[in-house]
Amino acid sequence: MMSNLLDPDLGFQDLNTDELRVMASRDSESVLRRGRAVMELGRRASSDAALLQEVAGMIRAVENRRLMTVGTTSISQLGAAGLVAGGSERALALATKLVGEWESDERSDFAWLMRDSGVTWPLKG
Amino acid sequence: MRIDRPAEDDTLRDMAESRAADTPPTAEHGPSDRMACAISYRAAVDAAYHRAVTPEVTDRKPYDAQFRGAADAEFREECQSRHTDQPVAAQASMDSETKLLHADADPLRALGTASETHPAELESAMARLDGAGVEVDLRHGSMSYSPSAAAGEPGRLILDSKASYGALMHEMSHFSDDEAAGFPGLRYWLEDPSVTAAGESRAYQAEIDYAYSIGEAGIAGQLEKLKAQRISQLLGENDE
């Protein structure tokens with residue numbers, strides 16, 4: 001079934017948060033699965049302040065910024081997309097802050113990702 | 001084709017994965033059209049490097065104007081590096097050494113850029129991309145095809161104007177896979193590492209076959225190593 005990036009990840013939504021943490025940080029894990037794990041954590045962080053800060057650390061991690069999943073989409077970009085997908089005010093504010101810390105190409109790539117997802121980025125207001 | 005970033009654009013696209021280096025391009029252009037395109041293209045490149053022309057900015061510029069702007073930007077960048085006696089800042093610090101985009105590993109570039117060695121194929125690729133509605137952005141030091149975040153939509157090609165023909169073949173292979181799958185969206189390509197790894201394998205193999213076809217066994221060997229590294233990264237050691 002075809003789905004959009006910000007849709008719920010049916011394959012990962014039933015994993016518990018600890019499982020996702022392990023997957024996200026395991027060097028030997030598929031970079032694709034690591035990216036999905038960070039994105040799912042980002043989504044859940046909308047309702048979990050502690051997890052929000054933890055995910056911020058993952059998104060800031062240089063390794064996650066440089067590791068590409070597919071095309072120009074890094075693990076960190078998927079994490080930020082997860083924050084956007086979660087949708088809480090705090091999560092959106094954090095995503096804006098974190099993306100603002102990136103280099104111009106990364107910001108541009110993320111904006112493209114959001115635009116294709118139907119999200120105007122940077123967020124207004 | 002959409003050109004959303006006027007300051008850095010160019011287009012290009014396609015090449016059947018298995019096409020040999022000397023296989024005629026598949027675009028519908030006749031020989032005279034292709035020749036005209038090639039001449040126009042070369043003229044634009046030459047003009048860009050010999051005259052610092054400011055490119056016009058419109059939403060949909062003709063291809064030669066697009067390339068002129070990009071080439072001009074690179075020309076200015078190279079001038080600046082000479083003036084400052086500093087290496088050209090290929091990208092921000094993360095790009096050239098750490099981002100695993102394809103331009104970071106383009107050993108065939110030593111033999112010339114795609115625009116130098118295969119201008120007709122480059123033009124054909126652009127025509128194919130244009131026809132598919134793929135967005136093409138030019139970026140120094142990066143080369144990649146990214147599927148769209150939205151299912152059913154074509155993706156985006158980031159093109160380095162100095163990329164080799166082999167690198168072009170590689171990224172066009174990714175486009176071909178996305179197109180053949182009906183542009184299923186980024187989520188699809190994230191979901192099954194084996195599917196994505198198979199696509200990566202095909203893309204590298206196109207480059208490797210090309211390298212062998214021109215007698216560059218050493219470069220083919222380098223590409224084999226890069227292929228193995230990337231496949232391992234995609235599959236991981238715990239793939240289910």
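A salt bridge here is a side-chain nitrogen of Lys or Arg within 4 Å of a carboxyl oxygen of Asp or Glu. With that in hand, let us walk through some close-up views of this predicted model.

**Figure 1. Salt bridges and polar contacts link chain B and chain A.** Four salt bridges are found across the interface of chain B and chain A. One to look for pairs A:D105 with B:R139, whose closest N and O atoms are 3.6 Å apart; that distance qualifies because the cut-off is 4 Å. Side chains of opposite charge can pair in this way when their charged atoms come close. Alongside these, 18 residue pairs are in polar contact across the interface, with both residues at pLDDT 80 or more.

**Figure 2. The side of chain B that touches chain A draws on helices and strands.** Elements of chain B giving two or more residues to this side are the helices α3 (93-98), α7 (186-191), α8 (193-213) and α9 (217-235), together with the strands β2 (144-146) and β3 (156-159). Which element gives the most? That is α7(B), with five residues. By residue class, this side of chain B divides into 18 nonpolar, 13 polar and 14 charged residues. The contact as a whole takes 45 residues from chain B and 37 residues from chain A. About 3,500 Å² is buried between the two chains, and carbon and sulfur atoms give 54% of that area.

**Figure 3. Three strands of chain B make an open sheet.** Reading across the sheet, the order is β1-β3-β2, with mixed pairing. The edges are β1 (135-138) and β2 of chain B, each of which pairs on one side only. Neighbouring strands are turned against each other by 20 degrees on average, direction ignored. Strands of a sheet pair through backbone hydrogen bonds, either parallel or antiparallel. How do β1(B) and β3(B) run, and how many bridges join them? They run parallel, joined by four bridges. For a landmark in this view, find B:L138, whose bridge partner in β3(B) is B:L159. Helix α6 (residues 165-180) of chain B lies across β2 and β3, and runs at about 15 degrees to β2(B).

**Figure 4. A salt bridge sits within a helix of chain A.** Here A:D18 forms a salt bridge with A:R21, and the closest N and O atoms are 2.7 Å apart. Why are these two residues separated by about one helical turn? Because they are three residues apart in helix α1 (residues 17-25) of chain A. Over all chains, the count of salt bridges comes to 23.

**Figure 5. Two backbone details are worth a close look: a cis peptide bond and a positive phi.** Most residues other than glycine have a negative phi, and most peptide bonds are trans. The bond from A:W121 to A:P122, however, is cis, with omega near 5 degrees. A:P122 is placed in the segment after α7 (104-116) of chain A. B:F183 belongs to the loop between α6 and α7 of chain B.

Notes:
Residues numbered from 1 in each chain as written. Chains lettered and ligands numbered in written order. Predicted model: local features only at pLDDT ≥ 70, side-chain atom pairs only at ≥ 80, totals over all residues. Heavy atoms only, no water. Contact = heavy atoms within 4.5 Å. Buried area = accessible area lost by both parts, 1.4 Å probe. Polar contact = N/O pair within 3.5 Å; in protein donor to acceptor, adjacent residues only side chain to side chain. Nonpolar A, V, L, I, M, F, W, Y, C, P; charged D, E, K, R; others polar. Pairing = 2+ DSSP bridges. Axes fitted to C-alpha atoms, helices over the stretch in contact; angles between N-to-C directions.
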